[in-house]
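Here are a few exercises to work through with the model open beside you. Try each one before reading its solution.

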Amino acid sequence: MEVRWDVFWIIMGSALLTFIPRVLPLMLFSKIQIPMWLLRWLEYVPVAVMAALIGQELFMSGNKLVPITQNPALWAALPTLIVAIWTRSLLGTVLVGIVAMMILRYWMG
């Protein structure tokens, strides 16, 4: 088997570029004491990121805002959110979301 050195160095460089941003903060923050206000602030980051990702998917199609009446994803999110809050079951939430999208895509055309 022949080794293609250009592919090898691309893989090594990619591994290094994904390794550094994960390990460097871990090494840095393990040595210093993080202030309480920063820890409280960092608690909101995952919620903010998730809200931004979901909001973009629900309200936008490409670069355009989708009207509510023509947006099956937004309507499917409503029963999905209710099931997620009520049951706190990931499987139940995913199943309700899938079934709701299937029905709405069939119904809305």
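Accessible areas here come from the Shrake-Rupley method with a 1.4 Å probe. Keep in mind that this is a predicted model.

**Exercise 1.** Describe the surface and the overall extent of the protein chain.

*Solution.* Start with the surface: the protein chain exposes about 9900 Å², and carbon and sulfur atoms supply 74% of that area. Next, take the burial: 13% of the 109 residues are buried. Then turn to the extent. The C-alpha trace spans about 55 × 50 × 30 Å along its principal axes. Finally, the radius of gyration is 22 Å, whereas a compact globule of 109 residues would have one near 13 Å.

**Exercise 2.** Decide whether Asn-71 is buried or exposed, and list what it touches.

*Solution.* First locate the residue: Asn-71 sits in the loop between strand E2 (64–65) and helix H4 (72–87). Its relative accessible area is 4%, so Asn-71 is buried, the cut-off being under 20%. Last, leaving out residues up to four places away in sequence, Asn-71 touches Leu-58, Phe-59, Val-66 and Met-108.

Definitions and conventions. Residues numbered from 1 in each chain as written. Predicted model: local features only at pLDDT ≥ 70, side-chain atom pairs only at ≥ 80, totals over all residues. Heavy atoms only, no water. Helix = DSSP H or I, 4+ residues; strand = E, 2+ residues; numbered from the N terminus. Buried < 20%, exposed > 50% of the residue type's maximum accessible area, 1.4 Å probe, protein only. Contact = heavy atoms within 4.5 Å. Rg over C-alpha atoms; globule rule 2.2 N^0.38 Å.
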